[in-house]
Each structure stands twice: as C-alpha cells, then as structure tokens.
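These are my notebook entries on a single structure. I set down what I looked up, in the order in which I looked.

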Amino acid sequence: MTARNTICLWYDGDAVDAANFYARTFPDSAVGAILHAPGDYPDGSQGDVLVVEFTVAGIPCIGLNGGPHFKHSEAFSFQIATDDQAETDRLWNAIVDNGGQESECGWCKDRWGLSWQITPRVLTAAIADPDRATAKRVFDAMMTMRKIDIAAIEAARSGPGSSAG
C-alpha cells in the first residue's frame, strides 16, 4: 500500500474476516495484501495473519490483529453517504444483519465493534438548510430514528415554514 496516511484498525484475530466483509459490502472497497507475522508476538505466533491491507469506500486501511487489548468505540466511525433509501437500507441491513447492532441517528456497529454512520445525502443537505427552522425540524426528526428514513426527513424538511418547496 502506498498511501501516505492509512487508517489502522485493531482486531482480535479476525481482521481478514472484517476486510472481506467490508469489500463485499461497500462500493470502492477491496482486500489487498495479507501479511503474516515473521516471528512470535504477544498475541500470536510466527505465520499468523498480522496485518491485512484493505480499502473501505476509497479509504486505505490496515487491519492489525493485535489481540483483545483494545476495543473499537464510537470515538471513531466511518460515515458513508448514501444516495437513496435502497442504498441506505442495503448498507444498514448488511451491517446489522451480519452480527452488528443498531444505534441512534443513522449509527450502527458491525460485529467487530466498529461504528458506522449510514447517512443519506438528503439528511446532510437538510441539516445544512439556510432556513434554521427547517434544519431544526429535520434534526428533531433524525433524533427519533435509528436507520434514517429519507421520506420522514423530506417530510420534516417540507413542513410548515420551509424554504425547501
């Protein structure tokens, strides 16, 4: 991998599984080199998969099989912009239905504990609406959701006093 800046994600021995899932699930994603440990290390042995190079939605990453010491948290997440409800549903369901879990406001976690924001572009545009009352209605609607419902976001945006027409 020749990227100057690469995201390193810590896994407990299952970085290859995670990389393969991401490559199957997200467009512009792929698994690259799989590097094996040249010697024993605290949570593995010579020959074990140590590092997996992969790309998620165009972002270069490595998965490090570092052991059980560090867990993912919501302090880091991937935000994936979606174009419609079908794409939002497909990505959300792929994560949640593969051992993940739902969270609030378009967030979910995959089975490895990594957080994802599945964010329709219409939501981002609506929250940035110059009419702050419109943006607040959309924000309030989003705050009640788990997976984002684009029809509900559009209804909130076109509510009373909207500039969205």
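This is a predicted model: local features need pLDDT of at least 70, side-chain atom pairs count only at pLDDT 80 or more; totals for chains, interfaces and linings use all residues.

Entry 1: Thr82. I then looked up the location of Thr82, which is in strand 5, residues 77-82. Is Thr82 buried or exposed? Its relative accessible area is 0%, and because the limit for a buried residue is under 20%, Thr82 counts as buried. I also noted a polar contact of 2.6 Å between the side chains of Thr82 and Thr88.

Entry 2: nonpolar cores. I next asked which residues have the most contacts inside the largest nonpolar core. That core has 23 residues, and the residues in question are Tyr11, Tyr22, Phe26, Phe54, Val56, Trp116 and Ile118. I recorded the elements that each supply at least two residues of this core: strand 1 (7-11), helix 1 (15-25), strand 3 (49-56), strand 5, helix 2 (85-96) and strand 8 (115-120). Helix 1 gives the largest share, 5 residues. I also found a second, separate core of 10 residues, which includes Ala126, Val138, Met142 and Ile148. As background, nonpolar side chains in soluble globular proteins tend to be buried together.

Entry 3: Trp116. I returned to Trp116 and listed its contacts, again not counting residues up to four places away in sequence. Among them are Tyr22, Phe26, Val56, Phe78, Ile80 and Ile95, as well as Gly106, Trp107 and Cys108. Trp116 has a relative accessible area of 0% and is therefore buried.

Entry 4: aromatic pairs. How many aromatic pairs does the structure hold? I found 9. I examined Phe21 and Trp112, whose pair is tilted, with 5.7 Å centre to centre and 50 degrees between the planes. This pair links distant parts of the chain, 91 residues apart: Phe21 is in helix 1, and Trp112 is in the loop between strand 7 (107-109) and strand 8. Both Phe21 and Trp112 are buried. I then examined Phe78 and Trp116, which form a stacked pair, 4.8 Å centre to centre with 20 degrees between the planes. Why does this pair tie together parts that are 38 residues apart in sequence? It does so because Phe78 lies in strand 5 and Trp116 in strand 8. Phe78 has 6% relative accessibility and so counts as buried. Finally, I noted that ring pairs link Phe21, Tyr22, Phe26, Phe54, Phe76, Phe78, Trp112 and Trp116 into a cluster.

Entry 5: I looked up an open sheet of 4 strands and recorded its order as 1-4-3-2, with mixed pairing. Strand 1 and strand 2 (30-36) are the edge strands, each pairing on one side only. Neighbouring strands of this sheet are turned by 20 degrees against each other on average, direction ignored. Strand 3 pairs with strand 4 (residues 59-65) in the antiparallel sense over 6 bridges. I noted that Glu53 stands opposite Ile62 in strand 4. Which helix packs on the sheet? I found that helix 1 does, touching strand 1, strand 2, strand 3 and strand 4. The direction of helix 1 makes about 15 degrees with that of strand 3.

How values were computed:
Residues are numbered from 1 along each chain as its sequence is written. Side-chain values use heavy atoms; hydrogens and water are left out. Buried means under 20% relative accessible area, exposed over 50%, partly exposed in between (1.4 Å probe, protein chains only). A polar contact is a pair of N or O atoms within 3.5 Å; within protein, one must be able to donate a hydrogen and the other to accept it, and residues adjacent in sequence count only if both atoms are side-chain atoms. A nonpolar core is a set of buried Ala, Val, Leu, Ile, Met, Phe, Trp, Tyr and Cys residues joined through side-chain atoms within 4.5 Å. Contact means heavy atoms within 4.5 Å. Rings of Phe, Tyr and Trp (its six-membered ring) pair if their centres lie within 6.5 Å; planes under 30 degrees apart count as stacked, over 60 as edge-to-face and the rest as tilted. Two strands pair if DSSP finds at least two bridges between them. Axes are lines fitted to C-alpha atoms, for helices over the stretch in contact, and angles run from 0 to 180 degrees between N-to-C directions.
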